[in-house]
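Me: I'm new to protein structures and would like a close look at a single part of this one. Please take me through it slowly, and show me how that part sits in the whole chain.

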Amino acid sequence: MKDSNTLLIIEDDLDTQEILTAFFRPKGFTVLTMEDASKALEQLQSGELSCDVILTDLKLPNISGMELTKRPREVGIDIPNATVMVIEHNRDVIKSADHMI
């Protein structure tokens, strides 16, 4: 891991944003937060925003977290690490996500 990886957290719940930020900052991450995935995508595409990893909620206004995982590559945004999903508190989703890890 390089000195400071930049993590973009896209989460519309501010309490969850704070918890995730408090978890990742002490681990050496520079943490950026946004509530709106479509605005994040626009800023990534324009170059206003850059990051190494995106951590996103599944249910977001405008663009779902699942849709967001596809869009960066479709519009030519190069994020070197895999996009990471934050899973909702749904046992079925968590169970299926365990098989992906």
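Reply: Let's start with a pair of strands: β1 and β3 run parallel and are joined by four bridges. To find one of these bridges, look for Leu7, whose partner in β3 is Val53. Keep in mind as you look around that this is a predicted model.

Stay on β3 for a moment and check where its side chains go. Val53 and Leu55 point one way, while Ile54 and Thr56 point the other way, and all of them are buried.

Now go back to β1, residues 6–10, which also pairs with β2, residues 30–34. These two strands run parallel as well, with five bridges between them. Here you can find Ile9 standing opposite Thr33 of β2. To get from β1 to β2, the chain passes through helix α1, residues 14–24, and this β-α-β crossover is right-handed.

Between β1 and α1 there is a loop, and Glu11 lies in it. Glu11 is buried, yet it has no salt bridge. What the side chain of Glu11 does reach is the backbone nitrogen of Asp13, at 2.9 Å. Leaving aside residues up to four places away in sequence, Glu11 touches Thr16, Gln17, Met34, Glu35, Asp57 and Leu60.

For a contrast, follow the chain to the loop between β3 (53–56) and α3 (65–74), where you will find Asn62.

Finally, zoom out to the whole chain. There are four helices and four strands, and from the N terminus on they follow the order β-α-β-α-β-α-β-α. Of the 101 residues, 39% are buried.

Definitions and conventions: Residues are numbered from 1 along each chain as its sequence is written. This is a predicted model: local features need pLDDT of at least 70, side-chain atom pairs count only at pLDDT 80 or more; totals for chains, interfaces and linings use all residues. Side-chain values use heavy atoms; hydrogens and water are left out. Two strands pair if DSSP finds at least two bridges between them. A crossover is right-handed if, with the strands pointing away from the viewer, the path from the first strand over the helix to the second runs clockwise. Buried means under 20% relative accessible area, exposed over 50%, partly exposed in between (1.4 Å probe, protein chains only). Lys and Arg count as positive and Asp and Glu as negative; His and the chain ends are not counted. A salt bridge is a side-chain nitrogen of Lys or Arg within 4 Å of a carboxyl oxygen of Asp or Glu. A polar contact is a pair of N or O atoms within 3.5 Å; within protein, one must be able to donate a hydrogen and the other to accept it, and residues adjacent in sequence count only if both atoms are side-chain atoms. Contact means heavy atoms within 4.5 Å.
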